[in-house]
Amino acid sequence: PLLFSYFPPQITSISPANGPTSGGTVITVRGSNFGISKVVTIGGKSAAIAAGSDGEVLVTTPVGTGSSLPLAMTTAGQSSNTLLFSYDPATFASWESTIAWGGLSSAPESDPRGNGWKNLLSYALGVNPPTTHGGEIASRNPVSFGRPAMTTDALGRLQIGFWCRRTGYGDDLVYQVQFGGDLVGTAWEPATNPPAVDAWDDVWEYRVVTDHSSAGGRRFARLRVETTSPPSP
């Protein structure tokens, strides 16, 4: 019988070695013995291979978070050594760098289209500033990103639903739901009921918070979003 032996793939360099949590970074992986059928993973997640040869491949990073994650290749059942890839901290600044602004202002407090959407809120609620029209309402089913949705539960209590960045994908943000009985001179009260959370993907979850008050009359809700590390204008 003929016996064949395969040398394991060897990775010598990756460039770049970091990228945003949103994924989509094209990494050049260089080395040897890459073979034909190869799989590249970053932190255990598969990275799409765009093109390549026996000594160089282009891979696209998946959505992810974390630092010093092992990037490895498997070919013909044999695994390579690993080099380290890090996702940039998920902050307003890293998000802002991924948007095609088309000449519009990317400052956090700017409203580039004049439709009520400040860039910081767009980051927090999943809206693309250059393309949003401003009137979109958040919804889990069907999935729609936009302004918080106001509904009521079976008992008639006010509810507010909104998209929220998950841990690791917006750790510089603080979301706070507040309720009140009047829009003029009211003392807004932080919500005391825990949110109902529906995870959608690695980055986003949909939260619904129900008013803690059972009192009759008008009730109002609002969502406050602040950043723990204010970005530079």
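Which residue forms a salt bridge with R219, and how many Å apart are the closest N and O atoms? The views below, taken from a predicted model, begin with this pair.

**View 1. The salt bridge between R219 and D211.** The partner of R219 is D211, and 2.7 Å separates the closest N and O atoms of the two residues. R219 has a relative accessible area of 19%, and because buried means under 20%, R219 counts as buried. D211 is likewise classed as buried, with a relative accessibility of 1%.

**View 2. The salt bridge between R224 and E226.** In this pair the closest N and O atoms lie 3.1 Å apart. R224 is partly exposed, its relative accessible area being 34%. E226 is also partly exposed, with a value of 43%.

**View 3. The salt bridge between E109 and K118.** Here the side chains of E109 and K118 meet, with a distance of 3.1 Å from N to O. The relative accessibility of K118 is 39%, and K118 is therefore counted as partly exposed.

**View 4. A network of salt bridges linking R166, E205 and R207.** This close-up shows three residues in place of a pair: R166, E205 and R207 are joined by salt bridges into a network.

**Overall count.** The model contains 10 salt bridges. Among them are the pairs R219 with D211, R224 with E226, and E109 with K118.

Notes: Residues numbered from 1 in each chain as written. Predicted model: local features only at pLDDT ≥ 70, side-chain atom pairs only at ≥ 80, totals over all residues. Heavy atoms only, no water. Salt bridge = Lys/Arg side-chain N within 4 Å of Asp/Glu carboxyl O. Buried < 20%, exposed > 50% of the residue type's maximum accessible area, 1.4 Å probe, protein only.
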